[in-house]
Amino acid sequence: HRILTTIAALQEKRLSECAAYTATFAGNITDCAAGGLGMVSSYSPDGHYEVTLTSSSSTEFSLSAAPVTGGLQLQDTQCQTITLNSLGLKGPNTNCW
């Protein structure tokens, strides 16, 4: 879940520097014209989750983290995919966080 809060923090940093969120993981975070979040991969550092920007505009974003195929997190049937948006709303429920 740390990966979602890390990406959300990067989005807030980009918003403060560029006055907009981004829909791109890769690219220089300070390049307001074409940049992203400065990330090399959309996978969590431990490789358990793949993160997607399920929606993004200049004023809002939604993140989703789903377990990778064959990963142990697939056994957690209640919290397989977790979400976080620009309003700080977490899903699917607070027990998953």
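How are the bonded cysteines of the protein chain paired when they are numbered in sequence order? In this predicted model, the pairing is 1-2, 3-4.

## The two disulfides

The structure holds two disulfides. One joins Cys18 and Cys32, with the sulfur atoms 2.0 Å apart. The torsion about this S-S bond is about -75°, so the link is left-handed. Because Cys18 sits in helix α1 and Cys32 in the loop between α1 and β1, the bond ties together parts that are 14 residues apart in sequence. Cys18 counts as buried at 15% relative accessibility, whereas Cys32 is partly exposed at 40%.

The other disulfide is formed by Cys79 and Cys96, whose sulfur atoms lie 1.9 Å apart. This link is left-handed too, with -80° about the S-S bond. It connects distant parts of the chain, 17 residues apart: Cys79 belongs to the loop between β2 and β3, and Cys96 to the segment after β4. Both Cys79 and Cys96 are buried.

## The largest pocket

Next, a look at open space. The largest pocket holds about 170 Å³. Its lining is made up of His1, Arg2, Ile3, Thr6, Met39, Ser44, Pro45, Asp46 and Tyr49. By class, that gives four nonpolar, three polar and two charged residues. Helix α1 (residues 2-18) contributes the most to this lining, with three residues.

## Around Ser64

Ser64 is part of strand β2, which spans residues 61-67. Is Ser64 buried or exposed? With 11% relative accessibility, Ser64 counts as buried, because the cut-off for that class is under 20%. Leaving out residues up to four places away in sequence, Ser64 has contacts that include Leu4, Glu50, Val51 and Thr52, along with Thr81, Ile82 and Thr83.

How values were computed: Residues numbered from 1 in each chain as written. Predicted model: local features only at pLDDT ≥ 70, side-chain atom pairs only at ≥ 80, totals over all residues. Heavy atoms only, no water. Helix = DSSP H or I, 4+ residues; strand = E, 2+ residues; numbered from the N terminus. Buried < 20%, exposed > 50% of the residue type's maximum accessible area, 1.4 Å probe, protein only. Contact = heavy atoms within 4.5 Å. 1 Å grid on protein atoms, 1.4 Å probe; cavity = no way out; pocket = protein on both sides within 12 Å on 5 of 7 lines; lining within 4 Å. Points joined across faces, edges and corners; volume = space filled by probe spheres on them. Nonpolar A, V, L, I, M, F, W, Y, C, P; charged D, E, K, R; others polar. Disulfide = S-S within 2.5 Å.
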